[in-house]
Amino acid sequence: MIKIFSNIIRKILQDCENNGRKVTQIELANVLGISRQGFTNKMTRDSFFIDDVVKIADYLGMKVILKGTNEYVIEKED
C-alpha cells in the first residue's frame, strides 16, 4: 500500500523544519482532536479523511486543491 498522505505530511513537516518552523505530530493530533497515538495510527495506516486533510492544511496556512483543467479549493466549513 502506498502511503500517499502520510508521506506528504512527512515532507511538509520536514519543509516546515527546514524553514525554521518546527511542527510536531502532537500539534497535528491536537488539530484533529485525537491523541498522539491516534495520529500515529493514522500515519501508519494512511487513514486520513478529507476533513483531516483540510484541518491540517488550515492549521499550516495551506489550501487543499484539486487541479485539472479547472482548480477547486477544498475549504473548511464553519
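Let's start with T44. T44 is partly exposed, at a relative accessible area of 46%. Partly exposed sits between buried, under 20% relative accessible area, and exposed, over 50%, using a 1.4 Å probe and protein chains only. T44 belongs to helix α3. Helices here are DSSP runs of H or I with at least four residues, strands are E runs of at least two, and both are numbered from the N terminus. From T44 to K76 is 32 residues along the chain, and their C-alpha atoms are 25 Å apart.

A word on the source. This is a predicted model, where local features need pLDDT of at least 70, side-chain atom pairs count only at pLDDT 80 or more, and totals for chains, interfaces and linings use all residues. Residues are numbered from 1 along each chain as its sequence is written, and side-chain values use heavy atoms, with hydrogens and water left out.

Next, D46. D46 lies in the loop between α3 (36-45) and α4 (50-59). Which side chain of opposite charge is nearest to D46? That is R10, 6.9 Å away. Lys and Arg count as positive, Asp and Glu as negative; His and the chain ends are not counted. D46 is buried and has no salt bridge. A salt bridge needs a side-chain nitrogen of Lys or Arg within 4 Å of a carboxyl oxygen of Asp or Glu. A polar atom of the D46 side chain does lie 3.2 Å from the backbone nitrogen of F5.

On to α4. Its buried residues are D52, V53, V54, I56 and A57. They pack against α1 (4-18), α2 (25-32), α3, β1 (64-67) and β2 (71-74). After α4 comes G61, with a positive phi near 75 degrees.

Now the core. A nonpolar core is a set of buried Ala, Val, Leu, Ile, Met, Phe, Trp, Tyr and Cys residues joined through side-chain atoms within 4.5 Å. The largest one has 18 residues, and I9, L28, F39, F48 and I56 touch the most other members. α1, α2, α3 and α4 each give two or more residues to this core. The largest share is from α1, with 5 residues. Take L28: leaving aside residues up to four places away in sequence, L28 touches I9, L13, V23, F39, I56 and Y59. Contact means heavy atoms within 4.5 Å.

Last, the strands. β1 and β2 make a hairpin, with 3 residues between them. They run antiparallel, joined by 4 bridges. Strands pair if DSSP finds at least two bridges between them. What is the bridge partner of L66 in β2? It is Y72.

Key
A polar contact is a pair of N or O atoms within 3.5 Å; within protein, one must be able to donate a hydrogen and the other to accept it, and residues adjacent in sequence count only if both atoms are side-chain atoms.
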